[in-house]
Amino acid sequence: MWFMKKKSSGDVAKNRLKLVLSSDKAGCSPEIMEQMKNEIIEVISKYIDVDTEGLEFKFRNASDGSNSLLANIPIKEAKGRRRY
Amino acid sequence: MGEVIVVTSGKGGVGKTTTTANVGTGLAKLDKKVVLIDTDIGLRNLDVVMGLENRIVYNLVDVVEGNCRIKQALIKDKRYNNLYLLPSAQTRDKSAVTPEQMKVLCDELKNEFDYIIVDCPAGIEQGFKNAIAGADRALVVTTPEVSAVRDADRIIGLLEANEMKKIDLIVNRLRVDLVKSGDMMSSSDVEEILAINLIGVVPDDENIVVSTNQGEPLVGSDAKAGIAYMNICKRIMGEDVPFMDLTAKKGFFSKLFGKKN
Amino acid sequence: MDNTVTIKGYSHGITVILNPDTDYETLKQKVAVKFRESAKFLGNTQMALRFEGRKLSGEEQIELLNIITRECNLNIVCIACDDETEDGLFVRALEKADLSPSDQTVSKTLQNARFYKGNLRSGMEMTFEENALIIGDVNPGASVNANGSIIILGSLKGNAVAGMGGNENAFVLALDMAPVQIRIAQTIARSPDHPARSESKEAQIAFLEDGAIYIEPVSKKVLSERTI
């Protein structure tokens with residue numbers, strides 16, 4: 001990409017909604033979600049280089065009624081390993 | 001044996017009543033025997049949208065309280081002989097009817113009609129509980145706005161908790177121009193967030209305003225919203241109808257040359 | 001001249017002026033005599049009544065009122081006290097009707113109340129035991145019900161049910177007649193589905209004749225055929 005595309009308001013709406021809905025379901029506020037996200041990143045990035053831009057956190061309702069937290073963390077490159 | 005379909009949304013003003021009127025009229029157009037039930041006690045609307053307000057003698061509360069027989073309260077539509085309305089009471093409140101009474105009523109109507117369409121009031125209180133009590137399936141109506149989608153999500157959760165067998169989504173009042181410019185969530189965005197089956201997308205259409213003013217649902221007309229509602233009816237009946245291209249312009253030449261994708 | 005009890009007229013009815021120094025038992029007798037003498041003159045009209053000149057307890061008021069209604073044919077609509085303004089009359093009458101707008105549904109039976117001032121909005125239903133006079137509009141979704149006839153000094157755009165108990169002589173009169181439904185006794189008439197927009201707004205009257213409801217402009221002839 002040569003230029004940064006400005007995020008459209010439709011996408012903003014979609015992302016906000018996703019966050020709101022997942023915190024609605026989990027019963028915790030967006031602030032706490034954000035904090036948790038940052039702490040998890042902090043821990044993981046001690047060991048691996050993560051792509052913070054492409055991070056995705058969400059709650060999922062499984063068909064059996066149980067909820068799970070899904071974290072999709074793209075890895076840039078494992079730390080300490082060199083490519084030759 | 002008929003099917004009871006509840007039309008619900010959580011948020012007010014997204015088009016539940018318009019959807020009820022159009023889906024009901026559309027199914028009647030497709031030769032099904034249909035009855036519409038307005039469960040918004042105290043704030044009735046479906047009668048004016050259908051243009052039947054001047055025929056009301058008895059209402060839903062009269063039926064459940066036994067002041068009249070069901071048949072006496074059913075109002076035959078102006079245009080279709082196989083379409084009826086059971087209006088709500090204007091001068092009572094929601095507690096006048098219980099979910100158990102609604103279930104009994106729906107079960108009774110199932111013997112007589114192919115489809116019973118229940119217009120649900122906004123909110124998640126008593127009126128909502130009444131509306132879904134006897135329903136076999138639900139149509140959740142939302143607009144592509146954060147507030148409406150969030151409420152729709154809550155409603156879907158409640159419907160699932162009440163073991164609703166089938167829940168379908170209608171995205172109403174979609175503005176194609178805004179979706180194109182990126183300033184409105186698309187129907188697939190909404191579908192992705194709510195993760196239930198999308199049964200129809202109705203474009204924002206000024207013809208709806210005109211039809212509501214006249215008290216004649218526009219389903220089946222060649223207005224875009226009219227086509228969209230008819231497609232929803234066919235899908236409700238189990239037909240596999242492809243989603244129409246809302247971006248296409250109306251008219252002969254555009255039909256021939258307009259589409260590029 | 002005996003001035004123990006004096007009757008005076010005022011804009012809304014009559015004032016009964018009572019001598020503060022007479023003892024109550026004598027006063028009762030004097031009131032009875034006074035109204036018996038005036039019965040013919042007062043006739044049988046409806047009016048408000050107020051007491052002046054003497055502080056009366058609630059019980060005394062009621063007792064005097066009973067004497068008055070026994071002695072003459074007056075139809076007392078409401079009582080105003082010495083210290084109340086004329087507006088108090090309407091307040092009292094409305095209090096009797098117990099209409100609080102905060103009620104989710106308004107459906108009350110107004111005993112003997114014949115006047116209502118104000119607009120009836122969607123969801124309001126007002127029931128009168130006798131004839132009803134509404135000073136205001138009846139909006140779509142609202143309903144006026146009466147055992148007798150209904151007169152609306154305003155627009156009728158909602159429902160009107162006259163002759164609820166089966167009185168086929170009952171009628172509905174409105175300055176602007178645009179009802180959703182009119183019922184008289186057992187007969188129901190509904191508005192046309194595509195109403196023609198009438199230009200002139202004139203008072204119209206709906207009445208029952210040969211099992212059908214007719215709506216006509218108010219004229220002396222039509223009115224003369226009505227009974228109350």
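Me: How many residue pairs in polar contact does the rule find across the interface of chain B and chain A?

Reply: Heads-up: this is a predicted model, where local features need pLDDT of at least 70, side-chain atom pairs count only at pLDDT 80 or more, and totals for chains, interfaces and linings use all residues. Residues are numbered from 1 along each chain as its sequence is written, chains are lettered from A and ligands numbered from 1 in the order in which they are written, and side-chain values use heavy atoms, with hydrogens and water left out. A polar contact is a pair of N or O atoms within 3.5 Å; within protein, one must be able to donate a hydrogen and the other to accept it, and residues adjacent in sequence count only if both atoms are side-chain atoms. With both residues at pLDDT 80 or more, the number of pairs between chain B and chain A is seven.

Me: And which helix gives the most to the side of chain B that touches chain A?

Reply: Helices here are DSSP runs (H or I, at least four residues; strands are E, at least two), numbered from the N terminus. Two helices of chain B, H7 and H9 (187–194), each supply at least two residues of that side. With four residues, the top contributor is H7(B).

Me: By class, how many residues on that side of chain B are nonpolar?

Reply: Ala, Val, Leu, Ile, Met, Phe, Trp, Tyr, Cys and Pro count as nonpolar, Asp, Glu, Lys and Arg as charged, and the others, Gly among them, as polar. The side touching chain A has one polar and five charged residues, and its nonpolar residues number five.

Me: Which residue of chain B meets Lys14(A) in a salt bridge?

Reply: A salt bridge needs a side-chain nitrogen of Lys or Arg within 4 Å of a carboxyl oxygen of Asp or Glu. Chain B and chain A have three of them. In the one with Lys14(A), at 3.0 Å from N to O, the partner is Asp189(B).

Me: Over at chain C, which three residues supply 49% of the area that chain B buries?

Reply: Contact (heavy atoms within 4.5 Å) is the rule for membership, and it takes 12 residues from chain B and 16 from chain C. Buried area is the accessible area (1.4 Å probe) that two parts lose on being put together, summed over both, and here that's about 1,100 Å², 45% of it on carbon and sulfur atoms. Supplying more of chain B's share than any other three residues are Asn54(B), Gln90(B) and Thr91(B).

Me: How far apart are the closest N and O atoms in the salt bridge of Asp193(C)?

Reply: The count between chain B and chain C is one salt bridge. Asp193(C) pairs with Arg55(B), and the closest N and O atoms are apart by 2.8 Å.

Me: Is Asp31(B) buried or exposed?

Reply: Asp31(B) sits in the loop between helix H1 (16–29) and strand E2 (34–38) of chain B, with a positive phi of about 70° although it isn't a glycine. Buried means under 20% relative accessible area, exposed over 50%, partly exposed in between (1.4 Å probe, protein chains only). With a relative accessible area of 67%, Asp31(B) is exposed.
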